[in-house]
Amino acid sequence: MNGTMKVPGDKSISHRSVMFGALAHGKTTVTGLLTGDDCLSTIECFQKLGVEIKRDGEYVEIYGKGLEGLKEPTEVLNVGNSGTTIRLLLGILANLPFHTTVIGDESIAKRPMGRVTLPLKEMGAKIDGREDGKFTPISIRGGNLRGINYQSPVASAQVKSAILLAGLNASGITSVTEPEDSRDHTERMLQAFGCNVKVDGLTKSIEGGQKLQATAIDVPGDISSAAFFLVAGAIVNNSSIKIKNVGINPTRTGILDILEKMDANITIENANHEASEPYADIAVETSNLQAVEISGDIIPRLIDEIPILALAATQAEGTTIIKDAAELKVKETNRIDTVVAELKKMGANIEATEDGMKITGPTKLHGARVSSHGDHRIGMMLAVASCIASGVTEIENTSAITISYPGFFEQLQALQS
Ligand code: S3P
């Protein structure tokens with residue numbers, strides 16, 4: 001695989017640019033927005049809340065009228081497959097003294113929402129839903145919140161962000177402490193919109209009553225999407241791939257640290273650390289990979305990259321152990337089960353463990369009929385696996401890939417021609 005490419009905009013940053021633009025006063029412009037289905041769900045939800053949003057491809061204009069400019073929707077808000085949309089949205093709605101019902105797809109219906117509804121109720125929001133508000137459909141009536149000091153049982157940027165967003169209009173100070181640091185895009189972007197977020201180790205706090213001012217956001221490429229091509233470049237023979245303008249926020253670069261530990265030939269060029277979200281070009285060449293242990297506080301820094309790292313591990317010398325990653329069970333699918341089941345069909349030596357997996361390599365993979373299980377990252381991982389497998393691989397339900405990576409197959413094919 002050879003060539004120079006760009007991956008679509010970062011999903012986490014794209015969601016936040018639309019949401020924060022909707023909360024701000026004035027016209028926010030966004031360039032490089034990810035046009036995947038998840039971010040389109042966010043745009044649609046905020047349009048239903050009365051915000052004017054105009055989109056032309058990856059360029060978006062959001063005409064915010066402040067938090068108080070949001071209006072009680074006449075329809076149910078549907079977040080589709082997007083965990084980030086529903087959890088951050090609930091944090092925002094917790095401030096608003098009107099009624100909203102939020103639903104999502106089949107996968108969202110299985111994902112735990114108690115991790116955000118519990119602290120939001122503690123702040124004073126009225127929330128109900130299936131199993132007492134732990135699962136969708138969820139309805140919420142917010143307003144009159146009080147700040148809390150919340151000790152989150154999980155390292156989750158979605159939980160942290162929901163609480164900080166609720167804290168924007170709560171009385172006093174709202175703080176969240178995590179067991180490990182999760183991605184910090186909310187903290188960075190709130191600063192870019194003129195708000196003050198205090199960072200004290202694992203505790204992040206915000207004072208209520210702050211107003212967001214519209215700004216211009218330039219979204220860098222998504223390192224979680226680049227990850228598929230970084231691993232492809234490392235495991236496909238005679239490869240050399242360069243990916244331009246990839247976000248390298250340190251809370252997201254666990255994949256680079258692990259690939260380096262695995263002895264992958266990766267180079268980082270033209271890094272810009274001045275931007276609110278740093279970015280760089282990343283180059284990769286075919287590599288002789290070595291097994292590693294992936295555990296502890298690096299897990300939140302690469303949680304979305306574990307499916308593709310599991311594929312890399314099938315080509316590495318030795319046994320790779322992934323642990324402390326039970327959060328994988330509550331992603332778009334149970335990613336311990338789906339990764340293990342699908343890679344096994346292709347001949348991998350892989351086993352599920354309580355909180356991760358064990359993979360021994362190198363193993364020659366063979367083509368098989370496999371399934372994404374409706375999970376975009378599983379679909380893309382299997383497509384990369386098919387590039388090194390003998391024979392034909394058939395992947396069921398690849399349409400899920402447009403959740404985070406429209407144009408994925410075209411780019412994969414372009415590198416091979
Ligand atoms: C995200 C946070 C992560 C990640 C998800 C996007 C975000 O989830 O897996 O793809 O944008 O905040 P958790 O915060 O639940 O770990």
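I take a residue as buried when its relative accessible area is under 20%. The model under study is predicted.

**Entry 1: helix H10**

With that cut-off I looked up the buried residues of helix H10, which spans residues 254–261. They are Gly-254, Ile-255, Leu-256, Ile-258 and Leu-259. I then asked which elements cover the buried residues of H10. The cover includes two helices, H9 (223–235) and H11 (306–314). It also includes the strands S15 (265–272), S16 (279–285) and S17 (293–294). After H10 comes Asp-263, and I noted that its phi is positive, near 80°.

**Entry 2: Ile-241**

I located Ile-241 in strand S14, residues 240–247. Is Ile-241 buried or exposed? Its relative accessibility is 2%, so I count Ile-241 as buried, the limit being 20%. I next listed what Ile-241 touches, leaving out residues up to four places away in sequence. The list comprises Met-1, Gly-3, Met-5, Phe-229, Gly-233, Ile-282, Ala-283, Val-284 and Leu-415. I also checked the pair Ile-241 and Glu-285: they are 44 residues apart in sequence, and their C-alpha atoms are 6.6 Å apart in space.

**Entry 3: the sheet containing S2**

I traced an open sheet of 4 strands and recorded its order as S3-S4-S2-S13, with mixed pairing. Which strands stand at the edges? They are S3 (52–56) and S13; each has a single partner strand, so one side of each is left without a neighbour in the sheet. Neighbouring strands are turned against each other by 15° on average, direction ignored. Helix H1, residues 11–23, packs on this sheet and touches S2, S3, S4 and S13. The direction of H1 makes about 30° with that of S4.

I then examined the pairings of S2. Strand S2 (residues 25–31) runs antiparallel to S4 (residues 59–65), and 6 bridges join the two. Within this pairing, Val-30 has Val-60 of S4 as its bridge partner. Strand S2 runs parallel to S13 (residues 216–218), with 3 bridges between them. Here I found Thr-31 opposite Asp-218 of S13.

**Entry 4: the sheet containing S10**

I followed another open sheet of 4 strands, in the order S9-S10-S12-S11, and its pairing is mixed. Its edge strands are S9 (149–151) and S11 (197–200), each of which pairs on one side only. From one strand to the next, the twist averages 15°. I also looked up how S10 (residues 173–177) is joined to S12 (residues 203–207): the two run antiparallel and share 5 bridges. Val-176 stands opposite Lys-204 in S12.

**Entry 5: helices H5 and H7**

I turned to the packing of helix H5 (residues 114–122) with helix H7 (residues 157–167). Their axes come within 9 Å and cross at roughly 25°. Since angles under 35 degrees count as roughly parallel, I describe H5 as roughly parallel to H7. The crossing of H5 and H7 is right-handed.

Which residues make the contact? From H5 I noted Arg-115, Val-116, Pro-119 and Leu-120. From H7 I noted Gln-158, Val-159, Ala-162, Ile-163 and Ala-166. Sorted by class, the contact of H5 with H7 has 7 nonpolar, 1 polar and 1 charged residues.

Note on methods. Residues are numbered from 1 along each chain as its sequence is written. This is a predicted model: local features need pLDDT of at least 70, side-chain atom pairs count only at pLDDT 80 or more; totals for chains, interfaces and linings use all residues. Side-chain values use heavy atoms; hydrogens and water are left out. Axes are lines fitted to C-alpha atoms, for helices over the stretch in contact, and angles run from 0 to 180 degrees between N-to-C directions. Angles under 35 degrees count as roughly parallel, over 145 as roughly antiparallel, 65 to 115 as roughly perpendicular and the rest as oblique. A crossing is left-handed if the near helix is turned anticlockwise from the far one by less than a right angle, and right-handed if clockwise. Contact means heavy atoms within 4.5 Å. Ala, Val, Leu, Ile, Met, Phe, Trp, Tyr, Cys and Pro count as nonpolar, Asp, Glu, Lys and Arg as charged, and the others, Gly among them, as polar. Buried means under 20% relative accessible area, exposed over 50%, partly exposed in between (1.4 Å probe, protein chains only). Two strands pair if DSSP finds at least two bridges between them.
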